[in-house]
Amino acid sequence: MSTPEPTAPLPVPPIGVKVTTDLEHRASGIRARARWIDPHTRKRVTRALVVPNEDAAEEFFQYLQASAELGIDKRILFSDYVEMIGDRWQRGLDPTSTVDGYKLGLRLRVLPALGHLPLSQITAGMIDRTIDQWETQHSASTIKNTIAPLVRVLDEAVRDDLLPSNPARNRSRRSLGKSALNLKEKDQSPRVHALKDLATLTTLADRCGEVHQSYSDFVMLCALLAARGSEISGLQVGDIDWEQRIVTIRRQTYPGAGGLVTKQTKGRDIRHVPILQALTPVLERLTADREPEERLLTGPRGGVLTTASVRDATKWDQLVTDLELTSLTRHGLRHTGATWLADAGIPLHVLQGILGHKSIETTRGYLHPDTRHLTDAAARANAFLDGQEDPTREAPTKTRRTAAPGR
């Protein structure tokens, strides 16, 4: 059986054109007809609908008029709207794996669930129930990458005056802890994704090295430079400065729609990371007798090593499960390095520069919750209150008051 051709969207009057309307009474109802001249083709366009009464006909004409004022069909389906706006919802996003994940979320989950609905009929309740269903099937990160493009698309609908407000906006901030996350509020810190110590990191790297040394090096570089996988892929030999013992992160390499893309870092800033002693042997081996413009780390066949190729080659999900590190992702290696640097007592503003965060509040998330200042405050308060007590002073004796004469 052949697949039916998709139907073209029904026409709406372009902005500013004159629309003429008329009614034709029939046995089956009233045929409401609107006509206008297309300003580009100069052809007459007709849009008609059979309605039960004149009130419904007037509602149809008002809908066409409202659509003409916007230049968009107010009853457009969600899927048609997504196609109409193209990549507009991606504005402001860095075109790395973030965009790729959002595109997959939109195509594989949002459109199958909501694409058949008129945009104007999508409610917060519908979205809540849809998210509830996703939570039974997908991980928290998958749900996040699904809600994010939904919010962005509906933001565009608000800008186009197709919706008065974004029904997914508050849904995106709701707690996903019902089934998918199962984490307490305090556990939302990126620290929870970090490895506990260097020995655990070394064990993980050694297991990856059983497949190929490059995968072991990738793990060590991501963690001990607190860098993203795409930034490790973009490093060159000349980015290693042995005199100052720093690594300069200035670019990233990642798979794009047309092949590999090399561009500025996500924050578009060049940043410097100190070379830790544990990383020295790895960098010495990778830079020995090599030219500055050579790629620092390459795969088994000399090609670019990406986080996806590391995942596939090492069978990452099974590997971390075997090591009882089930929540560890490749990006968790960056969280590991950031957490260790924070615990080492590096000043917050220095740590912010190393990690390349625009907001210091993002960096603050790596700090260990420290309650020692509260203990110190309690000790000071107790000392102050103890100093107010005079052990030589007797407690005042209570006396009974008598009423004055004549009162």
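Q: In which loop does Arg-245 lie?
A: The model discussed here is predicted. Arg-245 is partly exposed because its relative accessibility is 30%. Its place in the chain is the loop between β4 (240-241) and β5.

Q: What is the phi of Arg-245?
A: Most residues other than glycine have a negative phi. Arg-245 is a residue other than glycine, yet its phi is positive. The value is near 55°.

Q: Where is Asp-289, a residue with a positive phi that is not a glycine, placed in the chain?
A: The phi of Asp-289 is about 55°. Asp-289 counts as exposed because its relative accessibility is 83%, and the cut-off for exposed is over 50%. Asp-289 is placed in the loop between α9 and α10 (307-314).

Q: Which residues of the largest nonpolar core touch the most other members?
A: In soluble globular proteins, nonpolar side chains tend to be buried together. The largest nonpolar core in this model has 45 residues. Those that touch the most other members are Leu-204, Leu-221, Leu-225, Ile-232, Trp-316 and Leu-333.

Q: Which element gives the most residues to the largest nonpolar core?
A: The core has 45 residues. The elements that give two or more residues to this core are α6 (198-209), α7 (213-224), β5 (246-249), α9 (280-287), α11 (316-322), α12 (331-343) and α13 (348-355). The one that gives the most, with eight residues, is α7.

Q: How far apart are the C-alpha atoms of Val-219 and Ala-205?
A: Val-219 lies in helix α7. Val-219 counts as buried because its relative accessibility is 0%. Along the chain, Val-219 and Ala-205 are 14 residues apart. Their C-alpha atoms are separated by 5.8 Å.

Q: What is the distance in space, C-alpha to C-alpha, between Leu-333 and Leu-201?
A: Leu-333 is found in helix α12, and its relative accessible area of 0% makes it buried. In sequence, Leu-333 and Leu-201 are 132 residues apart. In space, C-alpha to C-alpha, the distance is 8.7 Å.

Q: How many salt bridges does the structure hold?
A: Side chains of opposite charge can pair when their charged atoms come close. The number of salt bridges in the structure is 20.

Q: Is Glu-156 buried or exposed?
A: Glu-156 meets Arg-159 in a salt bridge, with 2.7 Å from N to O. The two are three residues apart in helix α5 (residues 140-159), so about one helical turn separates them. Arg-159 counts as exposed at 53% relative accessibility. At 3% relative accessibility, Glu-156 counts as buried.

Q: Which residues are linked in a network of salt bridges with Glu-156 and Arg-159?
A: The side chains of Arg-159 and Glu-156 meet in a salt bridge. This pair belongs to a network of salt bridges.

Q: How many residues apart in sequence are the parts tied together by Arg-191 and Asp-343?
A: The side chains of Arg-191 and Asp-343 meet in a salt bridge of 2.9 Å, N to O. Arg-191 lies in the loop between α5 and α6, whereas Asp-343 lies in helix α12. Arg-191 counts as buried at 17% relative accessibility, while Asp-343 is partly exposed at 43%. The parts that this pair ties together are separated in sequence by 152 residues.

Q: Which residues gather with Glu-58 in a patch of negative charge on the surface?
A: Glu-58 lies in helix α1 (residues 54-70). Glu-58 is partly exposed because its relative accessible area is 41%. The residues that gather with Glu-58 in the patch are Glu-54, Asp-55 and Glu-59.

Methods:
Residues numbered from 1 in each chain as written. Predicted model: local features only at pLDDT ≥ 70, side-chain atom pairs only at ≥ 80, totals over all residues. Heavy atoms only, no water. Patch = residues over 30% accessible without salt bridge, like charges linked within 9 Å, V, L, I, M, F, W, Y side chains within 5 Å. Areas by Shrake-Rupley, 256 points an atom, 1.4 Å probe, with all protein chains shown as cover. Salt bridge = Lys/Arg side-chain N within 4 Å of Asp/Glu carboxyl O. Lys, Arg positive; Asp, Glu negative; His and termini not counted. Charge placed at Lys NZ, Arg CZ, Asp CG, Glu CD. Helix = DSSP H or I, 4+ residues; strand = E, 2+ residues; numbered from the N terminus. Buried < 20%, exposed > 50% of the residue type's maximum accessible area, 1.4 Å probe, protein only. Core = buried A, V, L, I, M, F, W, Y, C linked by side-chain atoms within 4.5 Å.
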